[in-house]
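This report looks at side-chain contacts in one protein model. Please view the sequence and the structure together before reading on.

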Amino acid sequence: MTERVLFERRGHVAILTINRPERRNAFDLATAHEMESAIDQFEADDDLRVAVLTGAGEMFCAGQDIIAAARGEIGATERRGGGGIMAEPPEKPIIAAVEGHAVGGGLEVCLSCDLVVAARTAKMGLTEAKRGFPAMGGGLFRLPRRIPYAIAMEAAITGATWSAERFHELGLVNRLAEPGSALTVALELAEEIAAAGPVAVRASKAIVRRSQEWTDEESWTNQVPFIDQVLNSADYREGMAAFAEKRQPVWKGR
């Protein structure tokens, strides 16, 4: 049987590829379980520092496999949720590399990622309302955290599909790529992240994500455990030593 999610290592970067091009990379239950396993593998490997999530062929992801859903099969796992990622994304950074369409649950997969690289010709949107149901994979609360409220509301209640260029202007897409080059550009961004101290990167991601739910007063207190973990790490000592000795640091990830 063909693997539904491919796992590839490139140095400190993991590439996760949804491999159902014949179904527009839509996720059924088996795909969700394979994605969850791939993310678990990425998280457990201390040598992997960042992941890139993409789709096989000319499509990123069309979301839930509607044919599977019609027979009562929802593409969600008990732990990580829709697509094997939406309810519990990885603690390490993950980048979506989008070609073609990222619609419905496909956009919600993007919103489960920390950064988005998209081809200029890509189309993205929460299209569920056009089918008569709301987006249920986190899009309705994650999108207004990434773009202005009124625009997120319009996207949610019209089911509109917009260009990656517009989403770049709105701040959701970090970098635009020429068609066919989204993965290449995402890997370049991943290498920039992988070059930084992995302990500091994980702590920074945790604070940035959680701070959206903290007041300023809470933030000063709540960030302390994450920062203490970094200051007590071997990587922190290595970073200081490398700076003093005018050399590149050798990170251990601990």
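The sections below cover aromatic rings, salt bridges and a surface patch.

## Basis of the model

The structure is a predicted model. Residue numbers start from 1 along each chain as its sequence is written.

## Aromatic rings and the charges over them

A search of the whole structure finds 1 aromatic pair. Its members are tryptophan 162 and phenylalanine 167, with ring centres 5.6 Å apart and planes at 40 degrees, so the pair is classed as tilted. Planes under 30 degrees apart would count as stacked, and those over 60 as edge-to-face. Tryptophan 162 is buried at a relative accessible area of 11%, and phenylalanine 167 is also buried, with a relative accessibility of 1%.

Tryptophan 162 has a further neighbour in arginine 166, whose charged end sits over the tryptophan ring, 4.0 Å from its centre. A second case of a charge over a ring involves lysine 92 and phenylalanine 42: the charged end of lysine 92 is 5.0 Å from the centre of the phenylalanine 42 ring.

## Salt bridges between separate parts of the chain

The whole structure contains 21 salt bridges. One of them joins the side chains of aspartate 40 and arginine 79, at 2.6 Å from N to O. Aspartate 40 belongs to helix α1, while arginine 79 is in the loop between β4 (76-77) and β5 (81-82), so this pair ties together parts that are 39 residues apart in sequence.

Another salt bridge links glutamate 213 and arginine 145, with the closest N and O atoms 3.9 Å apart. Glutamate 213 lies in the loop between α8 (198-211) and α9 (216-222), and arginine 145 lies in helix α4 (residues 139-146), so the bridge ties together parts that are 68 residues apart in sequence. Glutamate 213 is exposed, with a relative accessible area of 60%; arginine 145 is partly exposed at 43%.

## A salt bridge between arginine 71 and glutamate 73

Arginine 71 and glutamate 73 also form a salt bridge, and their closest N and O atoms are 3.5 Å apart. Arginine 71 is exposed, its relative accessible area being 55%. Glutamate 73 has a relative accessible area of 21% and is partly exposed. The limit for a buried residue is under 20%, so glutamate 73, at 21%, does not count as buried.

## The network around arginine 20

Salt bridges link Arg4, Arg20, Arg23, Asp28 and Asp65 in a network. Within this group, arginine 20 is found in the loop between β2 (13-18) and α1 (29-44). Arginine 20 is buried, with a relative accessible area of 7%. The side chain of arginine 20 makes a polar contact of 3.0 Å with the side chain of aspartate 65.

Where is nonpolar side-chain surface found as a patch? Ile227, Leu231, Tyr236 and Met240 make a nonpolar surface patch of about 340 Å². The elements giving two or more residues to this patch are α10 (224-231) and α11 (234-244).

Tyrosine 236 is located in helix α11. Tyrosine 236 is partly exposed, with a relative accessible area of 33%.

Note on methods: Predicted model: local features only at pLDDT ≥ 70, side-chain atom pairs only at ≥ 80, totals over all residues. Heavy atoms only, no water. Phe/Tyr/Trp six-rings, centres within 6.5 Å; stacked < 30°, edge-to-face > 60°. Buried < 20%, exposed > 50% of the residue type's maximum accessible area, 1.4 Å probe, protein only. Lys NZ or Arg CZ within 6 Å of the ring centre and 35° of its normal. Patch = residues over 30% accessible without salt bridge, like charges linked within 9 Å, V, L, I, M, F, W, Y side chains within 5 Å. Areas by Shrake-Rupley, 256 points an atom, 1.4 Å probe, with all protein chains shown as cover. Salt bridge = Lys/Arg side-chain N within 4 Å of Asp/Glu carboxyl O. Helix = DSSP H or I, 4+ residues; strand = E, 2+ residues; numbered from the N terminus. Polar contact = N/O pair within 3.5 Å; in protein donor to acceptor, adjacent residues only side chain to side chain.
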